[in-house]
Protein chains: 2
Amino acid sequence: MKTLIYASSLECEIAFYRAFDSADLAAMMAVWSEEDDIVCIHPGGPRLAGIEAVRESWRQIFASANGLRVRPGQPLVTSTLQTAIHTLHENLSAPGESRPFVPMIATNVYLRTERGWRLQLHHASPAPDHPPAGEPADAGQPPVLH
Amino acid sequence: MKTLIYASSLECEIAFYRAFDSADLAAMMAVWSEEDDIVCIHPGGPRLAGIEAVRESWRQIFASANGLRVRPGQPLVTSTLQTAIHTLHENLSAPGESRPFVPMIATNVYLRTERGWRLQLHHASPAPDHPPAGEPADAGQPPVLH
């Protein structure tokens with residue numbers, strides 16, 4: 001898997017969510033930078049730093065969350081030559097959950113490395129319910145605390 | 001306030017938390033990039049995009065959260081020439097809260113602009129309680145969901 005080259009941050013992001021949605025640990029780790037300063041923050045979880053901690057967290061998620069599905073959407077992207085900052089919505093769904101989906105907001109930061117674009121940081125956290133499709137961007141709602 | 005130049009992402013981050021801690025809206029907005037693609041995600045809140053939405057959110061926080069204090073710590077930083085990716089812990093405290101502080105994890109992304117380093121993205125979300133001081137980095141705890 002390590003020979004894959006992502007020509008853009010968008011390609012890398014598509015591969016990230018495909019790996020997530022299909023619970024494919026090898027494909028998941030192939031999208032991450034191979035530097036040991038990668039950071040992953042799962043919703044409600046601690047900050048995980050380094051390849052081993054990040055890999056172990058996804059291994060546990062894929063092992064325990066049978067049938068967990070993810071649908072990303074509404075990306076906003078800011079790029080420089082070497083970095084791409086993406087924010088987007090994630091809809092998570094899992095068998096047995098009372099809600100049809102759980103809305104999350106994610107920040108994904110990608111770096112252009114010698115081996116193409118790779119994921120450097122993933123930070124996901126619970127979001128309020130999405131506005132209906134076609135509504136203006138989800139701005140202006142007062143935050144709960146800070 | 002707009003004439004301030006931050007020579008590093010760390011300087012900009014110090015100014016961000018000083019403005020936050022002192023509920024100074026002008027100082028807060030001076031640390032942000034002046035581009036309209038800035039993004040701010042408060043804990044549990046929606047994704048806010050653009051200067052007006054971000055400014056209004058901080059105005060509301062500063063107006064309503066009287067005595068809210070923030071203490072940042074444990075930064076991890078990855079930098080390129082134009083971008084700096086910071087993750088850190090935030091301890092929030094407010095009068096009337098049952099807990100002495102509420103732990104958060106924040107991702108702050110800074111860009112080097114023509115006017116020095118500026119904040120491009122702030123994403124904060126609830127964290128589990130911190131490990132005791134002196135413990136190894138807070139890695140390895142299983143995430144709750146994803």
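Thr113(B) has Gly116(B), in strand E6 of chain B, as its bridge partner. The model is a predicted one: local features need pLDDT of at least 70, side-chain atom pairs count only at pLDDT 80 or more, and totals for chains, interfaces and linings use all residues. Residues are numbered from 1 along each chain as its sequence is written, while chains are lettered from A and ligands numbered from 1 in the order in which they are written.

**Strands of chain B**

E5(B) and E6(B) form a hairpin with two residues between them. Their pairing is antiparallel and runs over ten bridges. Strands (E, at least two residues) and helices (H or I, at least four) are DSSP runs, numbered from the N terminus. Two strands pair if DSSP finds at least two bridges between them. Strands of a sheet pair through backbone hydrogen bonds, either parallel or antiparallel.

E6(B), residues 116-126, is mostly covered: nine of its eleven residues are buried. Buried means that 20 or more other C-beta atoms lie within 10 Å of the residue's own; exposed means 12 or fewer, partly exposed is in between, and C-beta atoms are placed from the backbone.

E6(B) also pairs with E1(B), residues 39-41; these two run parallel, joined by three bridges. Here Val39(B) stands opposite Leu121(B). Further along the sheet, E3(B) and E4(B), residues 83-93, are antiparallel over nine bridges. Ser79(B) faces Ala84(B) of E4(B) across this pairing.

| Strand pair | Sense | Bridges |
|---|---|---|
| E1(B) and E6(B) | parallel | three bridges |
| E5(B) and E6(B) | antiparallel | ten bridges |
| E3(B) and E4(B) | antiparallel | nine bridges |
| E5(A) and E6(A) | antiparallel | ten bridges |

**The sheet and its helix**

In what order do the six strands of the open sheet in chain B stand? The order is E2-E1-E6-E5-E4-E3, with mixed pairing. E2(B), 47-49, and E3(B), 69-79, stand at the edges with a single partner strand each, so one side of each is left without a neighbour in the sheet. Neighbouring strands are turned by 25° against each other on average, direction ignored.

Helix H3(B), residues 51-64, lies across E1(B) and E2(B) and runs at about 125° to E2(B). Axes are lines fitted to C-alpha atoms, for helices over the stretch in contact, and angles run from 0 to 180 degrees between N-to-C directions.

**Chain A**

Chain A has three helices and six strands. From the N terminus on, its elements run α-α-β-β-α-β-β-β-β. Its open sheet of six strands has the order E2-E1-E6-E5-E4-E3, with mixed pairing. E2(A), 47-49, and E3(A), 69-79, are the edge strands, each pairing on one side only. Within E6(A), Ala124(A) is the bridge partner of Ala106(A).

Of the 146 residues in chain A, 40% are buried. Among contacts with a separation of 6 or more, 47% join residues 24 or more positions apart. A contact needs C-beta atoms, placed from the backbone, within 7 Å.

**The nonpolar core**

The largest nonpolar core has 71 residues, and Cys12(A), Val31(A), Cys12(B) and Val31(B) have the most contacts inside it. E5(B), residues 102-113, gives the most to this core, with seven residues. Such a core is a set of buried Ala, Val, Leu, Ile, Met, Phe, Trp, Tyr and Cys residues joined through C-beta atoms within 7 Å. Leaving out residues up to four places away in sequence, Cys12(A) touches Tyr6(A), Val31(A), Tyr110(A), Trp117(A), Arg118(A) and Leu119(A).

Conventions: Two residues are in contact if their C-beta atoms, placed from the backbone, lie within 7 Å.
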